[in-house]
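Please look through the sequence and the structure shown below before reading on. The explanation is meant to be read with both at hand.

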Amino acid sequence: MCGIAGYFSRQGSDPAMQVMLTLYAQQHRGQESCGIAASDGNHINIYKSMGYVKEAFTDERLQMLKGTAAIGHARYPTRGASLLSNSQPYVIETLSGPIYAIASNGDVVNYNEVADELRVKGVHFSSKNDGELLGRFIVYHHEREGMGVTDAIKLLMKRVKGAYSAVFLTRDTLYAFRDINGFRPMLIGAVNDDIAVASESCSMDILRATDVREVAPGEIIIITPKTELSISHSQQMLIPREAPRKTHCIFELVYFARPDSYQFDEYVYDVRHKLGARLAAYDDFDADVVVPVPDSANFIAMGYAAAKNVPFNMGLIRNHYVGRTFIRPDQYSRDESVRQKFNPLKDFFTDKKVVMVDDSIVRGTTIRKLVRMVKGAGAKEVHLRIGSPPVIGSCYYGIDTPNRNELIANNMSIEAIQDYLGADSLKYLTIEDLRACVKTADNFCYACFNGEYPIPVETAAAGLK
Ligand code: SF4
């Protein structure tokens with residue numbers, strides 16, 4: 001999972017600054033590294049750094065990125081180690097200098113196959129990241145095979161399987177395109193005469209963008225100084241019969257997206273509220289208090305509390321300066337950050353029957369510690385309610401769920417999980433519950449919950465889990 005941004009300036013505004021603001025609003029999508037690449041019309045300049053957007057992009061650094069168009073990326077690693085060399089955007093050098101850059105969100109499932117094909121043709125890779133693969137595919141077909149960039153992207157969409165929402169920058173044009181399934185979100189909007197691209201609508205709000213809409217699955221948007229500001233129609237689409245059904249990631253709505261985003265035609269907060277109400281319908285007892293595991297479960301817990309007419313309260317306080325535990329790349333970092341991240345309110349839980357709500361359970365590491373923490377703080381009972389079904393499969397489309405052997409629901413029954421977590425009861429939602437909470441249930445991927453992967457995963461070939 002990552003956050004991407006693009007900005008094409010046609011009124012003298014600073015695209016790198018606008019991209020920085022976009023990434024800043026999308027920091028929750030990736031906290032490991034970030035970067036911005038900007039075109040000054042002749043070359044592409046770039047600055048990348050490990051860590052947070054606000055720390056990386058000082059005024060001085062943004063001054064180095066002057067130009068007419070820029071793209072940016074906030075990385076959350078799925079493929080490739082936690083190294084600056086695997087961060088994005090990727091700038092691709094040619095004999096004319098650094099004149100192409102790309103940033104993408106998602107995972108390519110036939111990475112090795114496509115990379116090997118390009119290697120045989122003399123293409124070299126400097127990282128193991130999908131973004132570089134997409135960029136080199138386009139540049140190879142454009143520079144060496146004489147294809148237009150748009151045709152190269154169309155070919156890419158036929159050849160490269162998986163999830164990718166991407167922005168591609170040349171000296172004078174910004175392209176935005178999305179895989180034909182539409183796994184990951186991507187939006188386009190107007191900022192007066194400028195055009196912005198982002199992963200989530202919360203960042204479009206920060207830019208005060210208007211006419212915001214989704215880049216459709218399989219769509220390629222070409223942004224130049226002459227691009228019509230009317231962006232309410234598709235500029236380039238794959239022919240419909242080649243496009244499969246949409247398979248948006250349901251996990252974006254359950255956990256990943258910011259609640260103030262409008263994603264896949266849904267208000268994220270609204271879907272989470274509905275998930276909570278569905279959970280409440282399974283219970284015939286009343287708790288003293290409903291407490292979320294902050295922050296992604298807040299609205300699910302509110303939905304539960306509202307449906308049951310039970311008090312909702314923030315009994316666990318989260319330190320916002322510690323990253324998401326699920327995002328941290330190794331077990332040691334995750335263990336440390338759970339303890340540093342949550343603290344119970346003093347005397348709040350004493351003798352209470354608590355319904356504790358979380359969005360999902362992956363390994364169970366965090367929630368087990370939290371149950372212990374809340375019981376240690378005096379709770380009489382802790383009933384866990386989970387706003388999604390048991391996670392039984394890994395994601396191959398851009399979310400870093402671990403190897404399936406590490407997924408607790410893949411190894412234990414629900415009763416055994418309840419015992420392991422030390423909860424007094426444990427209930428999950430079903431896939432039917434998830435489907436009931438969105439308008440177009442058939443347009444979503446539920447593979448990590450039901451094992452029905454919409455794109456066959458070449459596990460061995462892709463070197464994935
Ligand atoms: S497998 Fe799960 S996390 Fe991955 S795209 Fe599908 S629903 Fe989302």
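The model is a predicted one. Its protein chain is assigned two parts, domain 1 (3-244) and domain 2 (252-457). Taken over C-alpha atoms, the centres of domain 1 and domain 2 are 32 Å apart. Where the domains meet, 28 residues of domain 1 are in contact with 26 residues of domain 2. About 2200 Å² of area is buried between domain 1 and domain 2, and carbon and sulfur atoms give 55% of this area. Polar groups also take part: 12 residue pairs are in polar contact between domain 1 and domain 2, and the count of salt bridges between these domains is 2. On the side of domain 1 that touches domain 2, helix H7 (residues 201-207) gives the most, with 3 residues.

The next topic is the interior. In soluble globular proteins, nonpolar side chains tend to be buried together. The largest nonpolar core here has 49 residues, and Ile250 and Tyr397 touch the most other members. Among the elements that give two or more residues to this core are helix H8 (250-256), helix H9 (268-281), helix H10 (298-308) and strand S20 (353-358). H8 supplies the largest share, 6 residues. Because domain 1 and domain 2 both give residues to this core, the core lies between them. Ile250 shows how such a residue is surrounded: leaving aside residues up to four places away in sequence, Ile250 touches Leu434, Val438, Phe444, Cys445, Tyr446 and Phe449. A second, separate core contains 32 residues, including Ile102, Leu118, Val139 and Ala166.

An α-helix has 3.6 residues a turn, so residues three or four places apart point the same way. Just after H10, Asn309 has a positive phi of about 55 degrees.

Charged side chains come last. Side chains of opposite charge can pair when their charged atoms come close. The model has a count of 23 salt bridges. Which residue forms a salt bridge with Glu252? The partner is Arg29, with the closest N and O atoms 2.9 Å apart. Glu252 lies in helix H8 and Arg29 in the loop between helix H1 (15-25) and strand S2 (33-39), so this pair ties together parts that are 223 residues apart in sequence. Glu252 is buried, with a relative accessible area of 0%, and Arg29 is also buried, at 0% relative accessibility. Salt bridges that share partners join Arg29, Arg184, Glu200 and Glu252 into one network.

Another salt bridge is formed by Glu32 and Arg75, whose closest N and O atoms are 3.3 Å apart. This pair links distant parts of the chain, with Glu32 in the loop between H1 and S2 and Arg75 in strand S4 (residues 69-75), 43 residues apart. Glu32 counts as buried at 13% relative accessibility, and Arg75 counts as buried at 1%. Asp442 forms a salt bridge with Arg435, with the closest N and O atoms 2.6 Å apart. Here Arg435 is partly exposed, with a relative accessible area of 26%.

Key:
Residues numbered from 1 in each chain as written. Predicted model: local features only at pLDDT ≥ 70, side-chain atom pairs only at ≥ 80, totals over all residues. Heavy atoms only, no water. Core = buried A, V, L, I, M, F, W, Y, C linked by side-chain atoms within 4.5 Å. Buried < 20%, exposed > 50% of the residue type's maximum accessible area, 1.4 Å probe, protein only. Helix = DSSP H or I, 4+ residues; strand = E, 2+ residues; numbered from the N terminus. Domains from an automatic or database assignment. Contact = heavy atoms within 4.5 Å. Buried area = accessible area lost by both parts, 1.4 Å probe. Salt bridge = Lys/Arg side-chain N within 4 Å of Asp/Glu carboxyl O. Polar contact = N/O pair within 3.5 Å; in protein donor to acceptor, adjacent residues only side chain to side chain.
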